[in-house]
Amino acid sequence: MHIVLQLIPKKYLIGGTLILLGLSGLLIMSTIVAITGEFEKDSQQSEVTEIEGGGIGVGTANVSPEVMKYQPLLEKYAQKHGLDASYVPIMMALMMQESGGRGNDPMQSSESFCGSVGCISSPELSVDKGVLHFKSVLEKAHYDLKLCLQSYNFGGGFINYVMKNGGKYTPELAISFSQLQYQKVKHTGNYHCVRPEMVPYSACYGDALYVNAVLKYYTGTITADGKPAAPASGGSGDKLGVKVIDAGKTLIGKTRYVFGGGRSQSDINAGRFDCSSFVRWAFEQVGMNVGPMSGVTTDTLKTQGQAINPKDMKPGDVVFFDTYKIDGHVGIYVGNNQFLGCQGKTGVAIASMAKGTYFGERFNGRVKRF
């Protein structure tokens with residue numbers, strides 16, 4: 001063979017190789033297009049460690065796409081550091097306030113990690129150390145979530161101050177702590193009020209209104225002791241779930257799958273849906289708003305509701321599948337290893353998710369109860 005190759009002119013060998021590479025590339029491209037054409041497209045490709053029933057999933061983060069893309073990493077490191085997944089939306093809101101998801105240190109965790117600003121240049125390291133620091137502060141604050149958030153901004157000294165002054169976060173304590181600390185450092189000239197309304201109080205150390213600044217990006221319930229509260233009994237996995245399924249079934253045989261469909265009333269009237277827009281529509285029919293018509297995706301849906309162990313699934317729970325990407329497809333569980341969804345070849349239909357089937361092999365264990 002070696003002798004034969006020596007006899008063939010080099011230009012023909014190169015040309016033949018390029019032709020083979022081109023044909024291989026076309027084959028790969030056509031395979032990718034065929035797969036992605038069946039399901040929703042999303043630019044996020046990050047790996048995520050699945051959490052089975054780990055969180056009480058109570059709130060929704062109202063954040064930018066730049067922050068939203070960090071959700072898989074926040075879930076991954078929450079699991080790594082033993083932090084309940086219900087705090088992920090709060091940390092997304094915190095990141096929104098800190099950086100808007102921009103830069104190499106989106107959680108602004110350099111100072112807590114190494115004692116100086118700018119020592120972290122890897123977004124993933126920022127998330128890793130930010131989650132670890134959040135958990136540490138949360139525990140020191142005895143799970144008083146508002147105290148935890150303010151201490152993320154002020155530093156651990158604020159926790160000690162609160163414990164000596166009633167043991168519970170209040171906005172007044174945040175302002176008084178800022179005043180005291182500012183008196184100690186104002187001579188350096190390095191501190192100024194980040195909020196004009198704090199100037200009359202000389203509360204120019206950190207951000208005394210940090211708690212409200214973070215929580216404006218969060219929709220959910222916080223109990224009197226500062227912990228996220230579990231949803232009320234019922235939800236989509238109860239009688240309401242059956243109603244959602246019944247509503248969704250009315251579209252069987254009347255729709256077709258269109259990527260990006262279902263995000264306008266004209267699309268809905270014409271029966272054009274994709275998987276996430278169909279799920280949103282079905283819940284809307286029973287009075288539940290799970291996202292805006294124009295902006296719903298699998299990734300916005302998975303931030304909502306209560307995380308459920310797959311062993312505890314009930315009709316009406318929302319199930320996710322890893323197709324062309326993590327959480328690439330979504331549907332509504334109907335029982336007996338079946339789900340109702342809008343699929344590429346059938347439109348809205350009931351499909352099997354039993355082991356050995358296409359969706360059964362791609363079910364990733366993520367189940368949410370709205």
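Biologist: Among contacts between residues at least 6 apart in sequence, what share joins residues at least 24 apart?
Modeller: The share is 61% in this protein chain, a contact being a pair of heavy atoms within 4.5 Å. The model is predicted, so local features need pLDDT of at least 70 and side-chain atom pairs count only at pLDDT 80 or more, whereas totals for chains, interfaces and linings use all residues. Residues are numbered from 1 along each chain as its sequence is written, and side-chain values use heavy atoms, leaving out hydrogens and water.

Biologist: Why is S277 called buried?
Modeller: Buried means under 20% relative accessible area, with exposed over 50% and partly exposed in between (1.4 Å probe, protein chains only). The value for S277 is 0%, and therefore S277 is buried. In the whole chain of 370 residues, 47% are buried.

Biologist: Where does S277 lie, and what does S277 touch beyond its neighbours within four places in sequence?
Modeller: S277 belongs to helix α14, residues 275–284. Beyond those neighbours, S277 is in contact with G261, G262, R263 and V296.

Biologist: What makes a segment a helix or a strand, and how many of each does the chain have?
Modeller: Both are DSSP runs, numbered from the N terminus: helices are H or I of at least four residues, and strands are E of at least two. The chain has 15 helices and ten strands.

Biologist: How many aromatic pairs does a search of the whole structure find?
Modeller: The search finds 17. One of them joins F177 and Y205, with ring centres 6.2 Å apart and planes at 75°.

Biologist: Are F177 and Y205 buried or exposed?
Modeller: F177 has a relative accessible area of 5%, so F177 is buried. Y205, at 17%, is buried as well.

Biologist: Which rings are linked into a cluster by ring pairs?
Modeller: The cluster consists of F154, F158, Y161, Y169, F177, Y191 and Y205.

Notes: Phe/Tyr/Trp six-rings, centres within 6.5 Å; stacked < 30°, edge-to-face > 60°.
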